Every structure is written in structure tokens, then in C-alpha cells.
Amino acid sequence: MKSVLITSVKVVLPGNEFDQQVVDVFIEKGKISKIAKSIEVADKNIEIVDGSGNILSGGFFDLNANFGEPGLETKEDIASGSATAAAGGYTAVAVMPNTEPAIQSRAEVALIVNTAKGNLVDVLPIGAVSKKREGSDMAELYDMKQTGAIAFSDGNRSIQQAGLMSRALLYARGFGGLIIAHAEDASMAGGNKMNEGIMSTYLGMKGIPNLAESLMVSRDLYLAEYTEAPIHFTSISTVEAVDLIKKAKSKGIRVTCDVAAHQLVFTDDDVVGFDSNYKVNPPLRTKNDAKALIKGLKDGVIDAVVSQHTPHEIEFKDVEFHIAKNGIIGLQTVLPLLIKAGLNETQIVEKLVVNPRQIVGLQVPKIEEGELANLVVFNLAETWRFDQQSNKSKSRNSPLFGEELKGKVKLVINNGQIIKN
């Protein structure tokens with residue numbers, strides 16, 4: 001990449017010596033060459049980017065994204081998923097094993113690692129806990145870790161067998177692995193389509209109670225305590241889950257959790273028009289749950305925010321609500337949703353840059369001279385339209401499609417490459 005000078009930009013990165021300072025940052029050959037109050041450059045080939053009113057931080061990292069490769073490339077492949085991630089400010093994404101075949105062995109992990117090599121966005125595979133994600137036999141976790149898997153999960157399937165979850169926690173602990181749990185008791189959820197509550201009764205749809213999530217969170221916390229293993233809950237959605245995890249943290253249980261950005265802003269009230277773009281798993285809950293999730297983020301109970309990016313072809317969404325597939329494309333809209341939910345700049349950086357990497361043991365990008373540039377520049381006030389032109393995904397299943405959104409990613413730099421929006 002050519003040399004870039006970002007002028008008058010505000011650094012936001014907790015713990016960094018330049019945090020909350022307005023500086024100039026000079027990047028050459030993919031490295032941060034100089035940081036100062038003012039930098040003069042004589043070379044006319046150097047690109048100058050006006051950072052006034054913008055924020056500079058380490059690149060965002062998503063702990064829960066779904067790309068279709070291998071097997072479901074018509075939904076999203078690694079190339080389109082990476083482009084979508086970069087447009088949303090991400091320099092790294094962890095991809096769930098919800099593929100066909102599942103990411104369940106060295107072969108699939110190696111495929112993703114090798115296909116993504118050289119991208120601006122680092123694509124990091126999460127290996128399946130069980131073979132074919134069927135919840136019966138444990139997959140080869142250690143082999144996958146050696147090949148590049150950063151954690152293990154059965155993705156959008158919850159592990160129903162307590163014995164399997166216990167063995168997986170214990171085994172992964174032995175080599176420093178992390179189990180990521182999607183918490184839903186299938187017998188309580190009953191294959192239903194939305195949150196159980198006033199709205200499901202009004203619409204005449206069978207609902208999934210909060211208890212389906214909190215039962216499984218409670219069980220897995222007991223197992224994590226028993227095995228003395230770390231556990232991470234992804235995309236929690238209920239007030240009860242927040243309370244359980246808060247108490248577990250105070251007891252010293254090694255637990256972390258994240259929430260999907262759409263759970264902070266949308267609720268089951270939005271389902272009233274039967275728009276299948278609001279159909280997600282876990283389902284959109286009540287306003288009370290959304291308030292508890294936002295409070296949990298601000299209080300530090302919830303460690304990170306994820307996109308839960310789940311692309312689908314139109315034939316899986318442009319159908320009746322009860323037969324539509326779950327999922328929203330989210331990589332490009334996380335920042336606007338966090339702004340709408342009321343998070344400030346420091347909280348946004350903690351939940352998108354710092355904490356997600358710490359959860360899986362990755363190094364947080366440094367804004368220091370001599371360091372590789374892994375950066376995002378974004379503006380909290382600037383608006384943009386999410387439409388066919390700006391959407392980088394192969395899919396368009398988002399209730400925000402066609403909307404004007406506040407919070408724009410301006411620039412992303414990683415792996416010696418730069419993308420400007």
C-alpha cells in the first residue's frame with residue numbers, strides 16, 4: 001500500500017498512551033511510522049486523509065459471523081464476507097462452523113485459513129465441538145487448534161447433552177482451548193419461531209420462553225465451575241442470562257459472553273408485521289430484555305458485541321414468517337446499532353476491539369510507532385444509506401436495508417492494505 005497520513009484524528013483505545021488525544025498518524029509500508037501532534041510530509045505521493053471529527057482505533061473483531069464457505073457459497077463466500085466485514089470496520093472475524101460440511105476437522109480449518117490468506121480481513125475459523133454439529137461425538141478439537149481454529153462451538157446449535165459439554169470443556173481446557181456456547185434448551189424452545197410473550201399471543205404464534213436460554217446458561221455455568229474450564233456464551237438475549245452470568249463472574253467462574261447488536265435495538269414488537277428479516281435465533285425479546293442487555297454492556301457483565309452475520313438467499317427469507325430461516329446480515333450495521341443503543345466511543349471500542357480479542361487470546365492492535373497498522377477510522381455522527389449500492393454482502397436479509405444509518409466507517413487498514421468507504 002502507498003503511504004498514508006491521517007491528520008487530526010482522535011485516538012480511542014483504552015490503555016494506549018495516545019488514548020483520547022488528537023494526533024497525526026503516518027503509515028508507510030503497512031506500519032505506523034510516526035505519531036505526533038502535527039506531521040509535515042513533503043512527498044506528494046503520500047495520501048493525506050483528513051481525520052477531523054473522526055475516531056481512530058484498532059480494527060474491530062467479530063466473534064460470531066457466518067460465511068457460507070465451504071458448501072454454502074451462494075449465501076456468502078470468504079471473499080464477499082471479507083469485503084462486508086471491511087466495510088463495517090472489521091479487520092478480523094471469527095467464522096462459525098455452520099457450513100456444509102461443518103468446520104469439524106483439519107481439512108475445513110485449513111481450507112478457510114488458506115483461502116483467506118493475504119486478505120485485508122483476517123478470517124479465523126471456529127471449529128465444531130461435535131462431529132457434523134450433531135451433538136453426539138466430539139470432533140478432533142486439538143487437531144483443529146493446531147491447524148488454526150481459535151475456539152470451538154456447534155454454532156447455531158446448542159449442545160443438548162450435558163455429558164458431551166462437560167467432556168468438551170475439560171478436554172479443551174487441557175490445551176488452552178475455549179468452548180463457545182449457544183444457549184438454548186431444545187425441549188423448552190420446541191422449534192418455535194419467536195419470543196414467548198404478549199406479542200406471540202397477540203400474533204397467535206408459539207413462542208420460545210426466556211427459560212429456554214436461562215436453563216442452558218445455568219447448566220453450562222455449573223459444568224464450567226465443575227471442570228474449572230473457561231466458557232463463552234454467544235448472543236445471549238435475556239435479562240435472566242445477564243443475571244446468571246453476573247453472579248457467576250462474582251463467584252470467580254471463568255465466564256465471558258457477548259450479545260448480537262440487533263438484540264439491543266429490535267424487540268419482539270417489531271415482529272408485528274411478520275417481516276421475516278426480524279426472525280433470528282435467539283429470537284428478539286422484549287424491551288425489558290433489551291434494556292437489561294444494554295445495561296449489562298455498560299456495567300461490564302457482557303464483554304463483547306457480535307454481528308451474528310447470517311446471510312441467506314432471497315428464497316429463504318421472502319416467505320411466510322414461520323418457514324423463513326433465522327438470521328440477519330450484520331457486519332456493516334453493528335456500529336450504527338451500538339450508537340443507537342447509546343454506547344459511547346470508549347464502550348464501542350472495548351466491545352468491538354479490545355474484549356473480543358482478549359476472550360480468545362489474540363493480541364489487541366497497538367497504536368504505537370513501529371507497530372503493524374491494524375486500524376479503523378470511524379465517525380459517530382456521519383450518516384449513510386444501507387442499500388444495494390453500499391451493501392457488500394451477497395445477501396440482503398436485513399430489516400435495516402434501505403435505511404439511513406448514523407455511524408460511518410471511513411477507513412480500514414490491515415495486512416498492508418487499505419480500504420476507504
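Hi everyone, let's start with a helix pair: in this predicted model, helix 7, residues 210–227, packs against helix 8, residues 239–251, at an angle of about 15°, and their axes are 9 Å apart. Angles under 35 degrees count as roughly parallel, so helix 7 and helix 8 are roughly parallel to each other. Their crossing is right-handed.

Who makes the contact? On the helix 7 side we have Asn-210, Glu-213, Ser-214, Val-217, Ser-218, Leu-221 and Glu-225, and helix 8 brings in Glu-240, Ala-241, Leu-244, Ile-245, Ala-248 and Lys-251.

Glu-228 is not a glycine, yet its phi is positive, about 55°. Is Glu-228 buried or exposed? Glu-228 is exposed, with a relative accessible area of 58%.

Ser-8 is another non-glycine with a positive phi, here about 50°. Ser-8 sits in strand 1, residues 4–11, and is partly exposed, at a relative accessible area of 34%.

Now for the prolines. You'll find Pro-70 in the loop between strand 6 (60–65) and helix 1 (78–87). There is also a cis peptide bond from Asn-281 to Pro-282, with omega near 0°. Pro-282 belongs to the loop connecting helix 9 (262–265) and helix 10 (287–299).

Thanks, everyone, and I'm happy to go back to any of these spots on the screen.

Note on methods
Residues numbered from 1 in each chain as written. Predicted model: local features only at pLDDT ≥ 70, side-chain atom pairs only at ≥ 80, totals over all residues. Heavy atoms only, no water. Axes fitted to C-alpha atoms, helices over the stretch in contact; angles between N-to-C directions. Helix = DSSP H or I, 4+ residues; strand = E, 2+ residues; numbered from the N terminus. Parallel < 35°, antiparallel > 145°, perpendicular 65-115°, else oblique. Left-handed = near helix turned anticlockwise from the far one by under 90°. Contact = heavy atoms within 4.5 Å. Buried < 20%, exposed > 50% of the residue type's maximum accessible area, 1.4 Å probe, protein only.
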